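The sequence and the model are shown first.

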Amino acid sequence: MKETNKETVKKGKWTLRIMVILLILASILSYFLVPSVKKEANKIFAMFATGDFEVIKNFVASYGAYAAAISFLLMILQSVVAPLPAFLLTFANANLFGWWQGAILSWSSAMAGAALCFFIARVLGRDVVIKLTSKGALESIDKFFNKYGKQSILIARLLPFVSFDIVSYAAGLTGMSFLQFFIATGIGQLPATIIYSYVGGMLTGGAKMLVTGLFILFALSAFVFLLRKIYQDRDKKKKEQ
């Protein structure tokens, strides 16, 4: 009976894996074989590359009644195609829909994107994740994740210029349960989403440059703090040895 259950679970995993692979292949083929899909995808990548939330806001707004749905899909896309900057879309949502409505949209869509990354990693494994991200980036996150565990998720969500999507992939490659990951993601992401949405709702003209500068300063400060923490832990470990 137990062997039958194991075989059923194994077949289910393989079926799931095949379905995900076929979906990814279909997306890739659509990009190369359907001109309109390729054109729109390139437009989206170029839009994120500008680093201007107003460009993203105008793009989302152009879909009228479907703007919220497009924003939701864009957040999921940027999650899978790491490391597109999610905070730009969070700013755009707040500026377009109002800060608290934008916060709800950004938080829920980012949760869906993070869950998808975790699911892809769990089902398809490390080789596929490396192709979606990069070997070097994943290895660096692995070391950080192995050392700090759940704290890595909480810290990464607070940093606007750190791709938490790679952390989501890395979490899917570990033994962490989906529920643990999902709860840690939701808690870690919420404060930052509220702050970015509140600020994003007020961004106009010159204020945009000021806030961008402050976020860069915040990201660098947080990065220095993390490096200092890692160095102190290593130094302490050496002394103990």
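Helices are DSSP runs of H or I with at least four residues, numbered from the N terminus. The model discussed here is predicted.

**Overall make-up**

The protein chain holds twelve helices and zero strands. Of the 241 residues in the protein chain, 38% count as buried.

**The largest pocket**

Two or more lining residues come from each of α1 (2-33), α2 (35-49), α4 (67-80), α6 (99-124) and α7 (126-132). Which element gives the most to this lining? It is α1, with eleven residues. By residue class, the lining of the largest pocket divides into 28 nonpolar, two polar and two charged residues.

**The nonpolar patch**

A nonpolar patch on the surface is formed by W14, I18, I21, L22, L25, I28, L29, F32, L33, V34 and V37. Together these residues have about 1100 Å² of accessible area. Helix α1 gives the most to the nonpolar patch, with nine residues, and α1 also gives the most to the lining of the largest pocket.

Is L33 buried or exposed? Its relative accessible area is 63%, so L33 is exposed, the cut-off being over 50%. I120 is found in helix α6, and L138 in helix α8 (residues 135-148). I120 counts as buried because its relative accessible area of 6% is under 20%. L138 is buried as well, with a relative accessible area of 0%.

| Residue | Relative accessible area | State |
|---|---|---|
| L33 | 63% | exposed |
| I120 | 6% | buried |
| L138 | 0% | buried |

**Contacts across the sequence**

I120 and Y169 are 49 residues apart along the chain, and their C-alpha atoms are separated by 7.5 Å. For L138 and V167, the separation is 29 residues in sequence and 8.0 Å in space, C-alpha to C-alpha.

Note on methods:
Residues numbered from 1 in each chain as written. Predicted model: local features only at pLDDT ≥ 70, side-chain atom pairs only at ≥ 80, totals over all residues. Heavy atoms only, no water. Nonpolar A, V, L, I, M, F, W, Y, C, P; charged D, E, K, R; others polar. Patch = residues over 30% accessible without salt bridge, like charges linked within 9 Å, V, L, I, M, F, W, Y side chains within 5 Å. Areas by Shrake-Rupley, 256 points an atom, 1.4 Å probe, with all protein chains shown as cover. Salt bridge = Lys/Arg side-chain N within 4 Å of Asp/Glu carboxyl O. Buried < 20%, exposed > 50% of the residue type's maximum accessible area, 1.4 Å probe, protein only.
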